[in-house]
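Student: Hi, could you walk me through this one? I'm new to reading structures.
Tutor: Happy to, let's look together.

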Amino acid sequence: MTSKAFIFDLDGVIVDTAKYHYLAWRKIATQLGIDFTPENNELLKGVSRVRSLDIILELGKINASLEDKTKWLIQKNTDYLSYLVDMDESEILPGVLPILQFLKDKKQCIALGSASKNARPILEKTGLMAYFDVIVDGNDVTHAKPNPEVFLMASKILNIKPEHAIVFEDSVAGIQAANIGGMTSIGIGNES
Ligand code: BG6
Ligand code: MG
């Protein structure tokens, strides 16, 4: 059988961290007088931290200095990390552990392909680190999803062709990235 690579997004696929990203961004938005709704939050899924702030500022039609943007990015991440302090394996989304264990038992290649710069501490806190043969995250890439760089890098390190890679994603940007990269994409989450 041809070897396959199974590449998992993190936020919204392995752990339900989207709610924490939302709470942290909403604080910044409220500070700026922007009504940031759960619907608006959908626009940020799979998107890098820097691009997320730009989207919020576009929603509020706000032009900000680089200095202010840097300050808000730090504030957002500090607040986000405060929600992760007590994170443990109870925050792993249903079905994730059995799938990872099944793939491990079948000796398949497993990778993480995440936009987050906080991916490694989250995998450590949830005890999932050992399942992953390769971790590619927001610290490794220069182009954010929908650019396929994060997934292509993971499959390259695993020495698996993109057409033999299967990507699990909850965001539109992530599904687009997998498709542009010539991979099979599996959408996770509720139909809406
Ligand atoms: C993605 C999330 O996985 O990571 C986005 O879906 C988030 O919402 C992005 O903005 C970057 O995450 P972090 O942890 O580096 O701010
Ligand atoms: Mg996601």
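Student: Which residue just after α8 takes a positive phi?
Tutor: Gly182, with a phi of about 80°. Helices here are DSSP runs (H or I, at least four residues) and strands are E runs of at least two, numbered from the N terminus. This is a predicted model, where local features need pLDDT of at least 70, side-chain atom pairs count only at pLDDT 80 or more, and totals for chains, interfaces and linings use all residues. Residues are numbered from 1 along each chain as its sequence is written, chains are lettered from A and ligands numbered from 1 in the order in which they are written, and side-chain values use heavy atoms, leaving out hydrogens and water.

Student: Okay, and which residues of α8 are buried?
Tutor: In α8 (residues 172–180), Ala173, Gly174, Ala177 and Ala178 are buried. They sit on the same side of α8 because they cover an arc of only 135° around the axis, taken from the directions from the helix axis to the C-beta atoms. Buried means under 20% relative accessible area, exposed over 50%, and partly exposed in between (1.4 Å probe, protein chains only).

Student: What's on the face turned away from that side?
Tutor: The exposed residues Val172 and Ile180.

Student: And what covers the buried residues of α8?
Tutor: The cover includes α7 (149–158), β4 (165–169) and β5 (184–187); contact means heavy atoms within 4.5 Å.
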